[in-house]
Amino acid sequence: MGDGGTERRPVGSRIRFDTKIAVLLRADLKPWQRLNVTAFLVSGLGATIPEVIGEPYVDADGVPYLPMFRQPVLVFEGSKETLARAHGRVLSRGLPRSVFTSDLFTTGNDLDNRATVRGTTSAQLDLVGIAVYGPRNAVDKVLKGARPHP
């Protein structure tokens, strides 16, 4: 799609994106943890990859709203081992990614979060979630073995 999917189309028509935004969560997370981890993970993509963000919204009364992702965010789940394999694949492919480790549930701020990740080697990260963005088929390969979130 080269143009970022911004061409005019009738409302409700389907657009097939060449790229994919995906989140992979560890299957044993509590519901509140799944929501929290997903929100944190995708914030990194939106903050650093401008092409994933669409235009601002405006309702019929002219009230403005913040822009959101221009395409769906697909959420998957898998075991701790599935996350470890996906992490290795995303690193080997050099795709944009964000991580959330179990240690981040015990910190209360960004400074401590970053220090916790910085103090752990890639192989030792206790991953509970990763987000990835990239070409559709590359992201599909990263997620091999994961299943769609119920």
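Start with E77: its contacts (heavy atoms within 4.5 Å), leaving out residues up to four places away in sequence, are L24, L25, A27, R34, A146, R147, H149 and P150. This is a predicted model, where local features need pLDDT of at least 70, side-chain atom pairs count only at pLDDT 80 or more, and totals for chains, interfaces and linings use all residues. Numbering runs from 1 along each chain as its sequence is written, and side-chain values use heavy atoms, without hydrogens or water.

E77 sits in strand β4; strands are DSSP E runs of at least two residues, helices H or I runs of at least four, numbered from the N terminus. E77 is buried, at 8% relative accessible area. Buried means under 20%, exposed over 50%, partly exposed in between, with a 1.4 Å probe and protein chains only. The side chains of E77 and R34 make a polar contact of 2.9 Å. That term means a pair of N or O atoms within 3.5 Å; within protein, one must be able to donate a hydrogen and the other to accept it, and residues adjacent in sequence count only if both atoms are side-chain atoms.

On to α1. R34 is one of its buried residues, with Q33, V37, T38, L41, V42 and L45. W32, L35 and A47 are exposed on the face turned away.

What covers the buried side? The cover includes β1, β4, β5 and β6. In β6, eight of nine residues are buried.
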